[in-house]
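The sequence and structure are shown first.

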Amino acid sequence: MAVTITDIAAKAGVSRSMVSRALTGSGPVKPQKKEEIIALARAMGYAPNQAALHLRHAKSYMIGLYFSTISQSTSPYVLHSVLTGAYSAIEKRYQIAVKGIDQHEAGSLNPSQYDGLLIMSQWDMDLDFLEEAASLEIPMVAISRRVPIDIPVVTTDEQGGMKDAMSYLLDCGHRHIGIIEGPPNLEATLLRHFGWIQAVKEHGLSHDQFPVAYGNYRYRSGYQAANQLMNQHPGLTALLCFNDEMAVGAKNALARRGLQVPKDVSLIGYDNLELPRYADLQLTSVERNAYQIAVEGARMLMHYIEDGVRPPDLELKNRLVIRESVKTQNLYVKSP
């Protein structure tokens with residue numbers, strides 16, 4: 001049986017992508033480690049598969065747009081924004097196939113199927129897929145977060161965006177704030193969590209005084225989380241939501257209780273999505289432009305495919321878009 005890159009990686013105790021980079025010179029590897037891998041490959045009798053090499057360099061005019069998951073924690077609004085952004089950047093040059101990494105069968109990725117991959121990775125469980133793609137030398141760009149392998153990325157300042165949102169609530173006088181976070185296994189959730197924690201520390205407050213409930217970035221979970229918080233803490237004056245879809249769910253949960261936004265409870269979301277069904281909700285939100293993230297990522301991938309030169313990483317800035325969903329509270333300070 002022919003020796004494969006996977007065999008060499010297992011013997012050397014390194015990743016498949018590192019072996020691929022060492023053997024092809026397609027990416028950074030420390031000189032000593034590169035020599036060790038090449039020597040091991042020769043000793044094991046490794047020979048490149050010429051048919052695979054030919055397929056790898058034949059154009060398919062197909063881009064794979066991979067999400068960590070489509071069914072579980074990816075908002076349909078975000079999915080639509082990313083897909084629309086990617087299509088606007090590639091125009092008619094390529095077709096796009098949308099896939100979920102969680103549905104990928106290991107070893108089934110075919111280098112002749114895609115000219116490049118645009119990957120919206122949300123968690124480190126994607127590592128096996130990323131290494132498989134890297135071992136096949138398929139050009140890749142990751143969007144939304146930095147991934148555990150060395151490929152170009154387009155990111156946004158998730159932590160800074162949530163810090164600004166919480167700071168705004170605190171500066172408006174709110175001290176009884178409930179937090180609706182997303183799944184804790186997602187990097188975006190962790191970064192946004194650190195953001196609001198940073199804001200309360202800078203205001204001289206303890207994060208323990210702010211109750212937290214968890215959703216999955218979908219409408220129903222925001223509705224349920226808001227009810228949980230209001231049942232346990234009826235004196236809350238504001239809710240800080242980790243995305244807009246959960247914020248809409250929270251708003252409707254408040255409405256069922258006879259509470260109005262912002263008269264009774266202030267509300268902030270994250271993503272600044274266009275939600276035409278809820279045009280009456282003038283939601284203050286952190287703008288994390290998923291459309292623009294996809295546009296920039298797809299442009300980078302096009303250059304990578306067509307020029308063969310790795311593009312530099314890019315970080316887009318988030319900004320707080322202030323509308324009418326936050327009310328200023330009066331802070332009454334007792335005299336000593």
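## A serine in helix α5

S81 has its place in helix α5. The model is a predicted one. With a relative accessibility of 16%, S81 lies under the 20% limit and therefore counts as buried. Apart from neighbours within four places in sequence, S81 is in contact with L273, A290 and Y291.

## Packing of α5 against α11

Two of these partners, A290 and Y291, are also among the residues through which α11 meets α5. Helix α5 spans residues 76–90 and helix α11 spans residues 290–307; the two pack at an angle of about 40°, and their axes are 7 Å apart. Their crossing is right-handed.

On the α5 side, the contact is made by V78, S81, V82, T84, G85, A86, S88, A89 and I90. On the α11 side, the contributing residues are A290, Y291, A294, V295, A298, R299 and M302. Sorted by class, this contact has 11 nonpolar, 4 polar and 1 charged residues.

## The parallel sheet

Which strand order does the open sheet with parallel pairing have? Its 6 strands follow the order β2-β1-β3-β4-β5-β11. At the edges stand β2 (95–100) and β11 (314–316); each has a single partner strand, so one side of each is left without a neighbour in the sheet. On average, and with direction ignored, neighbouring strands of this sheet are turned by 20° against each other.

Within this sheet, strand β4 (residues 140–144) runs parallel to strand β5 (residues 153–156), and 3 bridges join them. I143 has V154 in β5 as its bridge partner. Helix α11, described above for its contact with α5, also packs on this sheet, where α11 touches β1, β3, β4, β5 and β11. The direction of α11 makes about 170° with that of β4. Helix α6 (residues 127–135) lies across β1 (62–67), β3 (116–120) and β4, and runs at about 165° to β3.

## The mixed sheet

A further open sheet of 6 strands has mixed pairing and the order β7-β6-β8-β9-β10-β12. Its edge strands are β7 (212–214) and β12 (319–321), each of which pairs on one side only.

At one end of the order, strand β6 (residues 177–181) and β7 run parallel and are joined by 3 bridges; I180 has A213 in β7 as its bridge partner. At the other end, β10 and β12 run antiparallel, also with 3 bridges between them. There, V286 has L320 in β12 as its bridge partner.

## Strand β9 and its surroundings

Is strand β9 (residues 266–271) mostly covered or mostly exposed? This strand is mostly covered, with 6 of its 6 residues buried. Strand β8 (residues 238–241) runs parallel to β9, and 3 bridges join the two. In this pair, L240 stands opposite I268 in β9. Between β8 and β9 the chain passes through helix α10 (residues 244–256), giving a β-α-β crossover that is right-handed.

Strand β10 (residues 284–287) also runs parallel to β9, with 4 bridges joining them. G269 has S285 in β10 as its bridge partner, and Y270 has V286. V286 is in turn bridged to L320 in β12. Helix α10 packs on the sheet and touches β6, β8, β9 and β10; the direction of α10 makes about 160° with that of β9.

## The chain as a whole

The protein has 11 helices and 12 strands.

Among the contacts in the protein with a separation of 6 or more, 74% are between residues 24 or more positions apart.

Methods:
Residues numbered from 1 in each chain as written. Predicted model: local features only at pLDDT ≥ 70, side-chain atom pairs only at ≥ 80, totals over all residues. Heavy atoms only, no water. Axes fitted to C-alpha atoms, helices over the stretch in contact; angles between N-to-C directions. Left-handed = near helix turned anticlockwise from the far one by under 90°. Contact = heavy atoms within 4.5 Å. Nonpolar A, V, L, I, M, F, W, Y, C, P; charged D, E, K, R; others polar. Buried < 20%, exposed > 50% of the residue type's maximum accessible area, 1.4 Å probe, protein only. Pairing = 2+ DSSP bridges. Right-handed = clockwise from strand over helix to strand, strands pointing away.
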